[in-house]
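Dear colleague,

Please find below the structure that I am handing over to you. My findings follow directly after it.

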Amino acid sequence: MDKKIISVINQKGGVGKTTTVINLAAGLTMKGKKILVIDLDPQGNATTGLGLSNTENSELTIYSVLNGNKKISDVIQRTKFDNLNLVTSNVDLSGLEVETAGDSRRAFKLKDELGSILNDSGASYDYILIDCPPSLSLLTIMALVASDELVVPLQTEFFALEGLTQLMKTIEQEARNYFKEKVYQIVVPRNVRLSEAPSHGVPVLLYDKSCPGSKSYFTFTDEFLNQDKQVESAA
Ligand SMILES: Nc1ncnc2c1ncn2[C@@H]1O[C@H](COP(=O)(O)OP(=O)(O)OP(=O)(O)O)[C@@H](O)[C@H]1O
Ligand SMILES: [Mg+2]
């Protein structure tokens with residue numbers, strides 16, 4: 001079957017996970033796809049980046065689903081963007097691991113809930129994108145268990161800042177040599193528009209659709225869809 005549930009994951013912080021989730025989601029909706037974003041990070045950055053609050057409506061979050069108080073269909077919220085729905089997060093989620101310690105099936109909870117969404121023909125999402133926290137915690141394990149596919153943003157830029165451009169290229173090349181076709185071709189450049197957009201609660205693709213960051217994420221969206229097609233035809 002097709003790959004529907006995709007986690008954007010990397011235990012390292014600040015590598016562009018949330019930026020990728022927001023803009024891949026936006027790019028896919030612009031291609032006519034229906035998307036559900038799950039904010040699985042207590043920081044709630046995907047929530048605010050898509051224009052919703054990570055402080056209000058504290059009952060309507062992924063936390064309430066994962067602790068068994070609500071069904072996922074009860075907490076799906078609309079964003080101001082067509083065909084882009086969101087399950088929000090807030091800081092409450094950071095207590096989940098301790099609070100569910102006695103539940104031996106807890107690692108499967110997210111998978112089970114997302115399965116119920118995909119089986120609900122009325123929902124008809126093309127993709128569910130999960131924004132993971134920067135840790136190897138229960139939350140990350142829940143995302144791994146639930147996912148058909150992972151997207152792992154890699155940051156090589158630190159070395160560029162050091163002026164070691166050749167080393168940066170070598171590292172990028174080593175990632176490509178090792179992971180081969182699994183590495184997307186797109187390299188998103190540093191672009192201030194990407195870091196401005198979240199404070200306006202919009203994807204950069206809408207904030208400034210012609211800036212270099214947007215161009216990169218449009219290209220990434222195409223690459224993502226093409227790769228998905230190849231996976232489907234090979235199956
Ligand atoms: N290509 C880019 N150019 C400039 N700024 C960027 C770029 N990508 C991301 N940023 C900014 O860098 C910061 C970290 O990015 P982001 O939040 O996407 O990373 P993350 O991996 O989700 O972080 P965390 O691990 O804390 O969840 C954010 O302020 C974001 O706006
Ligand atoms: Mg993030």
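In this predicted model, a polar side-chain atom of Q43 lies 3.2 Å from an oxygen atom of ligand 1, a polar contact being a pair of N or O atoms within 3.5 Å. T19 also places a polar side-chain atom 2.5 Å from an oxygen atom of ligand 1, and a polar backbone atom of G14 is 3.0 Å from an oxygen atom of the ligand. Ligand 1 taken alone exposes 630 Å², of which the protein buries 78% (Shrake-Rupley accessible areas, 1.4 Å probe).

The shell around ligand 1 holds 16 residues, the closest being K17, T18, T19, P189 and N191; a residue belongs to it if one of its heavy atoms lies within 4 Å. By class there are 5 nonpolar, 8 polar and 3 charged residues, with Gly counted as polar and Asp, Glu, Lys and Arg as charged. Helices α1 (17-30) and α10 (192-196) each supply at least two shell residues, and α1 gives the most, with 3. Helices are DSSP runs of H or I with at least four residues, and strands are E runs of at least two.

As for the fold, 6 strands form an open sheet of mixed pairing in the order β3-β4-β2-β5-β1-β6, where two strands pair if DSSP finds at least two bridges between them. Strands β1 (residues 5-8) and β5 (residues 127-131) run parallel and are joined by 4 bridges; V8 has D131 as its bridge partner in β5.

Residues are numbered from 1 along each chain as written, with chains lettered from A and ligands numbered from 1 in written order. Local features need pLDDT of at least 70, side-chain atom pairs count only at pLDDT 80 or more, and totals for chains, interfaces and linings use all residues, while side-chain values use heavy atoms, without hydrogens and water.

With kind regards

Methods:
A polar contact is a pair of N or O atoms within 3.5 Å; within protein, one must be able to donate a hydrogen and the other to accept it, and residues adjacent in sequence count only if both atoms are side-chain atoms.
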